Amino acid sequence: MRRAAPARRAPTGTSCRELPEGRDSRWAVNFLAPVRLTTALLPTLTTNAPAKVVNVGSIGQAPIDFDDVELRRSYDGVTAYRRSKLALAAWSLDLAGELAGELDGGLAGGEVSVNCLHPATFMDTQMVRDYGAAPRSTVREGGEATLRLILHERGTGGFFDGDRPARAHPDAYDPEVRRRLRAMFGSAGTGKAHMHEQSDCR
């Protein structure tokens, strides 16, 4: 089993934090970074299958406005966070289907599973405290749920709430939403990541 699990944290306040290349940090950290990392590692993962991709998402998701993906017109940090987490869930489930052979004949190395999970609700982190929420779970609980999904066989194309199989936002299962994400940001399976959209959240 091969995996990559970089530590990452995205702000969840109301203000935009723009990266030097002009992208909203929430969108970049929560969606674009996992997409780029998985895209880069996929040839190695397929060559060394069986392997797993486990994306750490959130149950807090919101529909994506594809005419204003990064909320350039009117920015709200919580909405940006939720949109990015929906995008990650949809992209993860789409990649799982592609690797399982459901899209375009699939790819070699079909033993690469892809799942997405909400590790725990309002873990006791600085991000949650900055948001102003009372912690409901510990970092240990979230970390253990993530580790169990990595270590144990749970199939592919699933969304989990901690240890429990769950459902992502309905849009994560919408073929049109998945198609538009692929058109905008590419498919990890093809190795193409277009990244057209630019943000102007100042």
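## Surface and overall make-up

The protein exposes about 9900 Å², of which carbon and sulfur atoms supply 50%; such accessible areas come from the Shrake-Rupley method with a 1.4 Å probe, and for residues only the protein chains shown count as cover. The structure is a predicted model, in which local features need pLDDT of at least 70 and side-chain atom pairs count only at pLDDT 80 or more, whereas totals for chains, interfaces and linings use all residues. Residues are numbered from 1 along each chain as its sequence is written, and side-chain values use heavy atoms, with hydrogens and water left out.

Of the 202 residues in the protein, 49% are buried, where buried means under 20% relative accessible area, exposed means over 50%, and partly exposed lies in between (1.4 Å probe, protein chains only). Among contacts in the protein with a separation of 6 or more, 67% come from residues 24 or more positions apart, a contact being heavy atoms within 4.5 Å.

## Order of helices and strands

The protein holds five helices and four strands, and along the sequence these follow the pattern α-β-α-β-α-α-β-β-α. Helices (H or I, at least four residues) and strands (E, at least two) are DSSP runs, numbered from the N terminus.

Four strands form an open sheet in the order 1-2-3-4, with mixed pairing; two strands count as paired if DSSP finds at least two bridges between them. Strand 1 and strand 4 stand at the edges, each with a single partner strand, so one side of each is left without a neighbour in the sheet. From one strand to the next, the twist averages 35 degrees. In general, strands of a sheet pair through backbone hydrogen bonds, either parallel or antiparallel.

Strand 1 and strand 2 run parallel and are joined by six bridges, with asparagine 55 standing opposite cysteine 116 in strand 2. Strand 2 (residues 112-118) and strand 3 (residues 158-161) also run parallel, joined by four bridges; in strand 3, glycine 158 is the bridge partner of asparagine 115, and aspartate 161 is that of histidine 118. Strand 3 and strand 4 (residues 164-166), by contrast, run antiparallel with three bridges, phenylalanine 159 standing opposite alanine 166 and phenylalanine 160 opposite proline 165. These two strands form a hairpin with two residues between them, and glycine 162 in the turn has a positive phi of about 65 degrees.

Strand 2 is mostly covered, since seven of its seven residues are buried. Val112, Val114, Cys116 and His118 point one way from this strand, while Ser113, Asn115 and Leu117 point the other way.

## Helices 1 and 2

The axes of helix 1 (residues 25-47) and helix 2 come within 7 Å and cross at roughly 20 degrees; axes are lines fitted to C-alpha atoms, for helices over the stretch in contact, and angles run from 0 to 180 degrees between N-to-C directions. The two helices are therefore roughly parallel to each other, on a scale where angles under 35 degrees count as roughly parallel, over 145 as roughly antiparallel, 65 to 115 as roughly perpendicular and the rest as oblique. Their contact has twelve nonpolar, five polar and three charged residues, with Ala, Val, Leu, Ile, Met, Phe, Trp, Tyr, Cys and Pro counted as nonpolar, Asp, Glu, Lys and Arg as charged, and the others, Gly among them, as polar. Residues of helix 1 in this contact include Trp27, Phe31 and Leu42, and those of helix 2 include Tyr81, Leu88 and Trp91.

Helix 2 lies across strand 1, strand 2 and strand 3, running at about 160 degrees to strand 2.

## Backbone details in two loops

Most residues other than glycine have a negative phi, and most peptide bonds are trans. A cis peptide bond joins alanine 49 and proline 50, with omega about 10 degrees, and proline 50 has its place in the loop between helix 1 and strand 1.

Leucine 71, in the loop between strand 1 (51-56) and helix 2 (77-99), has a positive phi near 55 degrees although the residue is not glycine. Leucine 71 is buried, with a relative accessible area of 5%. Leaving aside neighbours within four places in sequence, leucine 71 is in contact with Asp76, Thr79, Ala80 and Arg83. Leucine 71 and aspartate 24 are 47 residues apart in sequence and 9.0 Å apart in space, C-alpha to C-alpha.
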